[in-house]
Amino acid sequence: MSIKSSPAPIESTSPSAPRLRIGFVSLGCPKNLVDSEVMMGILSTNGAEITARAEDADIIVVNTCSFIDTAKQESVDTILEMVEHKKHGRARKLIVTGCLVERYRDEIQKNIPEIDAVLGTGELADILAAAGIAPAPSAPGPFTILNGAATHPTASASQQLKSGLESAGHPPASRPEGEAREKAGRFARDTWDGARAELPSYLYDENTPRVLATPRHSAYIKIAEGCDHPCAFCIIPQLRGKFRSRTIASVVTEARRLAAQGVREINLIGQDTTCFGEDLGIQDGLAALLEQLAQIEEIRWVRFLYAYPNKVTPRLLEVLASHPRLCRYIDLPLQHASSSVLKRMKRGGSAEIFLKLIAKMRETVPELTLRTSFIVGFPGETEDDFQQLCAFVTAAQFDWLGVFAYSDEEGSPAFHLSGKVPPKEIERRRRKLMQLQKRISRQRRKQWIGREIEVMLEGPSEETDLLWEARTPAHAPEIDGKVFINDFGEHDSPKAGNFYRAIVEEAHDYDLIARLL
């Protein structure tokens with residue numbers, strides 16, 4: 001943590017004083033959102049009031065993303081917007097956290113002097129000090145699930161933050177791949193201005209407080225942190241540190257507590273969920289975890305995101321096919337299909353290898369929903385490479401697909417590669433691939449017409465009050481299409497978070513129209 005001055009504790013934690021209001025802006029991926037939820041939980045259990053309105057906040061926290069250029073720009077723009085609230089509004093303090101801080105710690109504070117404190121990805125417990133809040137003596141332990149009963153005494157913040165494993169009596173562990181790549185310089189960031197020498201090692205556990213920012217019926221659980229993979233386009237290992245898993249018991253305990261609070265859908269996340277448990281010596285750890293989560297009766301859907309292709313094992317597929325509570329859904333970012341591009345990306349694989357894997361996945365898990373993402377314009381990508389990618393997408397017939405334009409990230413191995421593709425050409429390829437997938441998606445959506453499905457209602461549509469939005473097990477929150485409900489049948493008082501049977505009556509490029517039965 002970096003604070004420009006030592007703030008005096010704010011007395012708003014006193015029972016007789018008004019509660020300090022803290023506004024949060026969380027940018028980027030769901031993994032970042034969980035970090036925001038943890039910080040909100042720490043603040044809330046120590047007397048602060050969380051508000052979604054920046055104009056009502058005494059302190060504003062911006063949790064940033066730094067994955068690609070557009071994310072960086074969004075983070076900077078948001079910070080500058082919040083600066084205006086500090087200059088002309090109620091806010092007295094501005095705190096910036098997350099990946100942008102980890103990458104540009106000194107530069108951020110130098111260029112935006114209105115920032116009072118910065119916290120990196122491994123400094124979440126320092127949010128109290130950054131806000132100037134003294135820990136509340138009567139708080140139910142700094143690491144207790146908000147609104148959930150603690151089952152055992154909690155350790156100190158620093159003890160808990162070392163690792164969710166150490167507090168459970170396990171020594172710190174790592175994957176052999178991580179150790180080897182650390183020696184090869186994969187996590188080096190000595191050229192980053194202001195970067196801390198030590199890599200982030202934070203890992204929350206089942207005793208960590210969280211204030212859910214998602215609808216109360218759905219929640220993310222981060223089952224691991226960090227990444228050991230050598231992908232040439234990515235700086236996540238430097239931003240988040242080496243891969244480290246929570247224990248199975250920790251994740252299951254948190255899931256049970258969330259279920260007791262009314263959560264009915266769990267989405268497991270991490271930089272690579274399919275490596276879960278490897279650092280603890282557990283083989284097929286994700287499969288073992290899913291088997292236990294599938295036994296929680298109150299949970300209706302369990303889904304995992306961010307799988308790595310060579311980590312999708314037969315055991316994982318068998319478990320997915322065996323339990324009705326497990327969504328038959330795999331998010332498998334492949335990044336490309338040309339073997340030459342994949343080699344330059346330091347990922348490996350080929351279109352032929354991936355097609356065989358997809359065939360095995362669909363054979364083992366009937367009615368499987370497959371999502372993937374690709375990067376176009378990676379240095380050295382030729383027109384032939386791109387055409388190979390298009391042919392692969394046509395053959396694979398993915399249900400959902402995202403395309404990213406290559407972003408030249410300083411600090412990534414790819415930054416120094418030759419053969420940079422011009423931005424206009426990158427955008428042309430991105431548009432062409434999305435147009436191809438749009439046609440595939442339209443055809444795949446049409447196959448849903450007349451099908452009876454299970455939906456979870458999300459609430460009234462943002463587009464019109466005449467429609468409600470819903471999702472199926474084939475629809476992950478935020479990233480996939482939607483199901484719009486235009487007829488509630490005999491259901492006079494539909495409720496968000498409840499499950500219903502419905503029949504699909506129309507299909508569009510990405511969305512479905514259905515009526516409740």
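## Second largest pocket

The second largest pocket of this predicted model has a volume of about 610 Å³. A pocket here is an open set of points on a 1 Å grid over the protein atoms alone, where a 1.4 Å probe fits, with protein on both sides within 12 Å along at least five of seven lines; lining residues have an atom within 4 Å of a point. Of its 26 lining residues, Glu367, Trp448, Arg451, Pro473 and Ala474 are closest to the centre. Helices (H or I, at least four residues) and strands (E, at least two) are DSSP runs, numbered from the N terminus. The largest share, three residues, comes from β15.

## Largest pocket

The largest pocket has a volume of about 1200 Å³. Its lining counts 45 residues, with Cys29, Lys31, Phe67, Tyr306 and Phe404 nearest the centre. Helix α7 gives the largest share of that lining, four residues.

## Helix pair

Helix α12 (residues 351-364) packs with helix α13 (residues 383-396) at about 15°, axes 11 Å apart. The two are therefore roughly parallel, a term for angles under 35 degrees. In α12, Ala351, Phe354, Leu355, Ile358 and Arg362 meet Phe392, Ala395 and Ala396 of α13. Contact means heavy atoms within 4.5 Å.

## Basis

Residues are numbered from 1 along each chain as its sequence is written.

Terms used: This is a predicted model: local features need pLDDT of at least 70, side-chain atom pairs count only at pLDDT 80 or more; totals for chains, interfaces and linings use all residues. Side-chain values use heavy atoms; hydrogens and water are left out. Axes are lines fitted to C-alpha atoms, for helices over the stretch in contact, and angles run from 0 to 180 degrees between N-to-C directions. Angles under 35 degrees count as roughly parallel, over 145 as roughly antiparallel, 65 to 115 as roughly perpendicular and the rest as oblique. Grid points are joined across faces, edges and corners, and a volume is the space filled by probe spheres set on the points.
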